[in-house]
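This briefing goes through selected local features of one chain, grouped by topic. Please keep the sequence and the 3D view open while reading.

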Amino acid sequence: MQKEELWQAVLAQIQFQISPANFATWFKNTEIVSKKGGEVIVSVPNNFSKEWLENKYNKLILKILHSLDEEIKEVKYMVCSQATRTLQKLKISPEAEQPGLYELKIDRHTNLNPRYTFDNFIVGPFNELAQAAAWAVAKSPGEVYNPLFIYGGVGLGKTHLLQAVGNEIQKNFSQKVIKYLPSEKLTADIVNAIKNREVEGLKAKYGQIDVLILDDIQFLAGKDKTQEEFFHIFNNLYEKNKQIILSSDRLPRSIPALEERLRSRFEGGMIADIGLPDFETRVAILKAKLQEKKADFSDQILHFIAENFQRNIRELEGALNRLITYQKLNNQTPDLEIAKALLKNIIASPQKSTNFKKIIRAVAEFYDLSEKELLQASRKKEIVRPRQIAMYLLREELKCSYPFIGRKFSGKDHTTAIHACEKISKEIKESETLAEEISIIKQGIYSG
Ligand code: ADP
Ligand code: MG
């Protein structure tokens, strides 16, 4: 079996054994990079994933691998940046582009990556409020907006902006204790502390922090224990006027199973969103990245990229990197035809790339329900609404017929489907929150 197939087979089995949220968190962006003798090396995107896979999932992974290939006796995990992986896909040795250079420079104390600064954060109408609020916080931590809550879809610059604040504060207030943490790391810390009866110690440790930056807090959804401890950590810092900065892919009120008291704390500060970048800003971002990497492409090519990567800046950058790599390897600037060919298989074509299952999965994930719960007949409020949204999306995105939609949801009548679709279409026009929720769900539908 090829490496890719082998890993796909492993993932397929793991997916059934752990929760979708855990699966997405720990197995996204992993792959087998080598298989020699009895040893398999799996690349993971960061140190947290590495620790987590080693400690929690190694046994399971090894068992499955061994069942697929008896020779395999050992699995190792290696942190590997996106850049390295892209290069590997293009069959280029990683040394060719000094990848991971920045990853090596991540500050061990703050967890901040120096590559994320305000200087290289391009501002446009879609993110100017968030950028201005972040800048104000960076200039007077703990004094203006507390907490600062940044939200927006995947790949739109939340982590960049959060870390830019951290880096800027570090530059101007060198004595301040700054900590950047993905929420999964906070959860892991708290779970471990509870297990080892060290919760007080943990709280004391977090109590030393002057600037706490917590990324992707939607992952706290449903984690009651973590939320409870975090509530105390939060209050302790907040009362001492320490700065707290949070990010999420949605508004606090749209995070399912978020404790009321945390929600109201999050809403008590400044909330700023990052939307989708307009065409001009996408081109400006491409130009800035080109300058950074000392490369140059025609406007025609930049416009082509900007038109085809609209919803995710990470993917926009990825497309550009692919062309830069081509240029370096071949010592030749690609023309439009070559650029199109190089990007063909990474350009999303929405019509083709979604189906019933993806829509159900994305809606269920967003509202923290299982797919089964979403599809079954239930009058519970937490289920009725997501179900109506799923029906609406099936109609909008796949043009499914009403009777078909009705049938799929435990044999409901087509009038139920019509009612759901009409209700949601109407509400979207009236409620910005709902419109945003649906746009984030759509990102999920088309990115997975
Ligand atoms: P998120 O955390 O929202 O998923 P990231 O902050 O990781 O997104 O951003 C994805 C990539 O896009 C990063 O490489 C980041 O540097 C880049 N990026 C995002 N927004 C901007 C921006 N406004 N200007 C320049 N680069 C950006
Ligand atoms: Mg992020």
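## A buried alanine in a helix

A138 is a residue of helix α6. The model is a predicted one, and the values below are computed from it.

**Surroundings of A138**

- A138 has a relative accessibility of 0%, so A138 counts as buried, the cut-off being under 20% relative accessible area.
- Leaving aside residues up to four places away in sequence, A138 touches F118, V165, E168, I169 and F173.
- From A138 to N172 the separation is 34 residues in sequence, while their C-alpha atoms are 8.7 Å apart in space.

**The three-stranded sheet**

- An open sheet is formed by three strands in the order β1-β2-β3, with mixed pairing.
- β1 (31–36) and β3 (74–79) are the edge strands; each has a single partner strand, so one side of each has no neighbour in the sheet.
- On average, and ignoring direction, neighbouring strands in this sheet are turned by 25° against each other.
- The pairing of β1 with β2 is antiparallel and runs over five bridges; within this pair, S34 stands opposite I41 in β2.
- β1 and β2 make a hairpin with two residues between them, and G37 in the turn has a positive phi of about 55°.
- β2 (residues 39–44) pairs with β3 in the parallel sense over six bridges, and V40 has V75 in β3 as its bridge partner.
- Helix α1 (residues 3–17) packs on the sheet and touches β1 and β2, its direction making about 120° with that of β1.
- Helix α3 (residues 47–68) also packs on the sheet, where α3 touches β1, β2 and β3; the direction of α3 makes about 155° with that of β3.

**Helices α12 and α14**

- The axes of α12 (residues 279–292) and α14 (residues 313–330) come within 10 Å and cross at roughly 45°.
- Because of that angle, α12 is oblique to α14.
- The crossing of α12 and α14 is right-handed.
- On the α12 side the contact is made by R282, I285, L286, K289 and L290, and on the α14 side by I313, L316, E317, L320 and I324.
- Sorted by class, the contact of α12 with α14 has seven nonpolar and three charged residues, and no polar ones.

**Backbone features in loops**

- Most peptide bonds are trans, and most residues other than glycine have a negative phi.
- The peptide bond from N146 to P147 is cis, with omega near -10°; P147 lies in the loop between α6 (128–139) and β4 (148–152).
- N111 is not a glycine, yet N111 has a positive phi of about 65°.
- N111 sits in the loop between α5 (101–104) and α6, and is buried with a relative accessible area of 18%.
- A257 is not a glycine either, and its phi is positive at about 50°.
- The loop that holds A257 runs between β7 (243–248) and α11 (260–267); with a relative accessible area of 47%, A257 is partly exposed.

Methods. Residues numbered from 1 in each chain as written. Chains lettered and ligands numbered in written order. Predicted model: local features only at pLDDT ≥ 70, side-chain atom pairs only at ≥ 80, totals over all residues. Heavy atoms only, no water. Helix = DSSP H or I, 4+ residues; strand = E, 2+ residues; numbered from the N terminus. Buried < 20%, exposed > 50% of the residue type's maximum accessible area, 1.4 Å probe, protein only. Axes fitted to C-alpha atoms, helices over the stretch in contact; angles between N-to-C directions. Parallel < 35°, antiparallel > 145°, perpendicular 65-115°, else oblique. Left-handed = near helix turned anticlockwise from the far one by under 90°. Contact = heavy atoms within 4.5 Å. Nonpolar A, V, L, I, M, F, W, Y, C, P; charged D, E, K, R; others polar. Pairing = 2+ DSSP bridges.
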